[in-house]
Amino acid sequence: MLGELGSVLGAVRLMGAVPRLSVAPRGDGHPVVDIPGWRAPELSGAPLRGYLRSLGYDARGWGFGTNTGDPRRDVDRLARSVLDLVDEGGAAVSLIGWSLGGVIAREVARRHPEAVRRVITYGTPVVGGPAYTTVARAYGHDAGAAADRVTRRLDAAAPIRVPLTAVFSKRDGIVSWQACIDRSSPDVEHVEVSSTHLGMGVDPDVWALVADRLAAGGGRRR
């Protein structure tokens, strides 16, 4: 946890990386929805969304304010929003999730692969649920164990079929990096960065990776 105190350095590195980030591939205008982490306000993703809009994407927040930690409810309502976006514009949606936000993004993609172009997560525990985080006590042991059982059952019965990029860091002081390794999804890549958990949202390596993967294609149209 003490290592997380250095997360402010990510913002300093971000300023120095402006020339590199400015030459990232241009976007094709498809919708990109950003989902905040546990207890994080929607505003926490505003810098990344602004960057993605500058590249030409229709980047937007998830629309529900602070992530209060109710994944079941949030998967339901974000799934409805994603389907509405696809119906309105015809283009599949990319989902970017930070920490718990990534858990929500993954489950929306599992339910509606036809509507999701790709998923990018960073600092997201894909196994073990809250039990693999330093905030596990806030969830309670029973809740964490139940979440883990549900996730493992879903991964076995209905693995996520859309392209996934799982970003992790061995400097993460909130989520165990081992918990970010997805051994179930057939189309997943893992990318290591050198960032604290709280610093990932303004880490230039994360931003460059997001821009590169969003430009890689793989979208579907209804």
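Select Trp98 and Tyr122: both are buried, where buried means under 20% relative accessible area, exposed over 50% and partly exposed in between, using a 1.4 Å probe and protein chains only. Before you go on, know that this is a predicted model, in which local features need pLDDT of at least 70 and side-chain atom pairs count only at pLDDT 80 or more, while totals for chains, interfaces and linings use all residues. Residues are numbered from 1 along each chain as its sequence is written, and side-chain values use heavy atoms, with hydrogens and water left out.

The structure holds four aromatic pairs. Rings of Phe, Tyr and Trp (its six-membered ring) pair if their centres lie within 6.5 Å; planes under 30 degrees apart count as stacked, over 60 as edge-to-face and the rest as tilted. Trp98 and Tyr122 make a tilted pair, with 5.6 Å centre to centre and 35 degrees between the planes. Trp98 sits in strand β3 and Tyr122 in strand β4, so this pair links parts of the chain 24 residues apart. Helices (H or I, at least four residues) and strands (E, at least two) are DSSP runs, numbered from the N terminus.

Now pick Phe168 and Trp177, a stacked pair with 5.6 Å centre to centre and 25 degrees between the planes. Which of the two is buried, and which is partly exposed? Phe168 counts as buried because its relative accessibility is 7%, whereas Trp177, at 28%, counts as partly exposed.

**Stop two: the core**

Next, select Tyr51, Leu52, Ile96, Tyr122 and Leu214. These have the most contacts inside the largest nonpolar core, which has 25 residues. A nonpolar core is a set of buried Ala, Val, Leu, Ile, Met, Phe, Trp, Tyr and Cys residues joined through side-chain atoms within 4.5 Å. The elements giving two or more residues to this core are α3 (46-54), β3 (93-98), β4 (116-122) and α8 (204-214). Helix α8 supplies the largest share, six residues.

**Stop three: strand β1**

Select residues 31-35, strand β1: five of its five residues are buried. Both faces are covered, with Pro31, Val33 and Ile35 on one side and Val32 and Asp34 on the other. Four bridges join β1 to β2 (58-61), and the two run parallel; strands pair if DSSP finds at least two bridges between them. Look for Val32 opposite Ala59 in β2. The chain goes from β1 through α3 to β2 in a right-handed crossover, meaning that, with the strands pointing away from you, the path from the first strand over the helix to the second runs clockwise. Strand β1 also pairs with β3, again parallel, over four bridges, and there Ile35 stands opposite Gly97.

**Stop four: two aspartates**

Is Asp203 buried or exposed? Asp203 counts as buried because its relative accessibility is 1%. You'll find Asp203 in the loop between β6 (188-192) and α8, touching Arg13, Ser194 and Ser195, not counting residues up to four places away in sequence. Then jump to Asp84 in helix α4 (71-89), which is partly exposed at 43% relative accessibility.

**Zoom out**

Finally, show everything: eight helices and six strands. Of the 222 residues, 50% count as buried.

Definitions and conventions:
Contact means heavy atoms within 4.5 Å.
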